[in-house]
Amino acid sequence: MLFDTHAHMDDRAFDEDREELLARLPDQGIGLLMNPGCSLASSRNAAALAERYDYIYAAVGSHPDAADEVNQEVLDEYRMLCKQNKKILAIGEIGLDYHYEDIPRQRQQEAFRAQMALAAELDLPVIVHEREAHEDGLRIVEEFPTVKGVFHCYSGSAEMAKWLVSRGWYIGFTGVLTFKNARKAVETAVSIPLDRIVLETDCPYMSPEPFRGKRNDPGRLYRMAEKLAEIRGLSVEEIHRITMENGKRLYRQN
């Protein structure tokens, strides 16, 4: 069985067939699934979804694209949700994204720090989204040495991944690992310890080959497992076992 450690099943892309899709995932080899929030609204939806399905966990947080909403009231609700719902296992998806810069960098950094502080207060792992913001992202991580978690949909260098792993972090790989031009992702996946790798779909985005360009869903996570097994010289069964154990350890479910 596989652990999809990052899947946005509350996304509107699944509005027409969400229940049907979720009902068949266990038969498709998905044993556990983490649904992170990207905003206050989606965090509420993720929490509700986790309450309805035994194999789904949730995280609450505001993505850098929603950094403008982060204030004391929002943080208070995240705190309350974490304390009330035992299926909420992390703060996320939080971080920095400088690709479009629709929200000023300073505001993103403030929201990231505030949510890292909340994770430290609650002693929860974090799910970090970091895109084209490596230097600032690592600097903020260093400000919170007690907070660990995962850099999801990892896009940095192998050297940066090694730095994170040495400090207790996990690295999440999506369908990008299967792309023909995914040299950097493959290099990173080969060079870091297997016990720090988790697999994720980031659905409905990041569909692996040969489904690239189509709506992604957790049933396609097997393709990332196959690719990781190929590049690490292991059986697919071993990758299933190892990454399941890693995901459970990341979210403290061992």
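Reader: Within strand S3, which residue is the bridge partner of Asn35?
Author: This is a predicted model, in which local features need pLDDT of at least 70, side-chain atom pairs count only at pLDDT 80 or more, and totals for chains, interfaces and linings use all residues. Residues are numbered from 1 along each chain as its sequence is written, and side-chain values use heavy atoms, with hydrogens and water left out. Strand S2 (residues 30-36) and S3 run parallel and are joined by four bridges, where strands (E, at least two residues) and helices (H or I, at least four residues) are DSSP runs numbered from the N terminus, and two strands pair if DSSP finds at least two bridges between them. In S3, Asn35 has as its bridge partner Ala58.

Reader: And in S4, which residue is the bridge partner of Ala58?
Author: S3 also pairs with strand S4 (residues 88-97), in the parallel sense and over three bridges. In S4, Ala58 is partnered by Ile88.

Reader: How many of the five residues of strand S3 are buried?
Author: Buried here means under 20% relative accessible area, exposed means over 50%, and partly exposed lies in between, with a 1.4 Å probe and protein chains only. On one side of S3, Ile56, Ala58 and Val60 are buried, and on the other Tyr57 and Ala59 are buried, so that both faces are covered. S3 (residues 56-60) is therefore largely enclosed by the rest of the structure, its buried residues numbering five of the five.

Reader: In what order do the eight strands form the open sheet?
Author: Strands of a sheet pair through backbone hydrogen bonds, either parallel or antiparallel. In this open sheet the pairing is parallel, and the order is S1-S2-S3-S4-S5-S6-S7-S8.

Reader: Which strands stand at the edges of the sheet?
Author: Each edge strand has a single partner strand, so one side of each is left without a neighbour in the sheet. The strands in these positions are S1 (2-4) and S8 (197-199).

Reader: What angle does the direction of helix H2 make with that of S3?
Author: Helix H2 (residues 40-52) packs on the sheet, touching S2, S3 and S4, where contact means heavy atoms within 4.5 Å. Axes are lines fitted to C-alpha atoms, for helices over the stretch in contact, and angles run from 0 to 180 degrees between N-to-C directions. On that scale, the direction of H2 makes with that of S3 an angle of about 160 degrees.

Reader: Which exposed residues does the face of helix H6 turned away from its buried side carry?
Author: In H6 (residues 158-166), the buried residues are Ala158, Met160, Ala161, Leu164 and Val165. Seen down the axis of H6, they fall within an arc of 155 degrees, so they line one face of the helix, the arc being that of the directions from the helix axis to the C-beta atoms. The face turned away from this buried side carries Glu159 and Ser166.

Reader: At roughly what angle do the axes of helices H7 and H8 cross?
Author: H7 passes H8 in a right-handed crossing, meaning that the near helix is turned clockwise from the far one by less than a right angle. The contact is made by Val186, Ala189 and Val190 of H7 together with Lys227, Leu228, Ile231 and Arg232 of H8. The axes of H7 (residues 183-191) and H8 (residues 221-232) come within 10 Å, and they cross at roughly 65 degrees.
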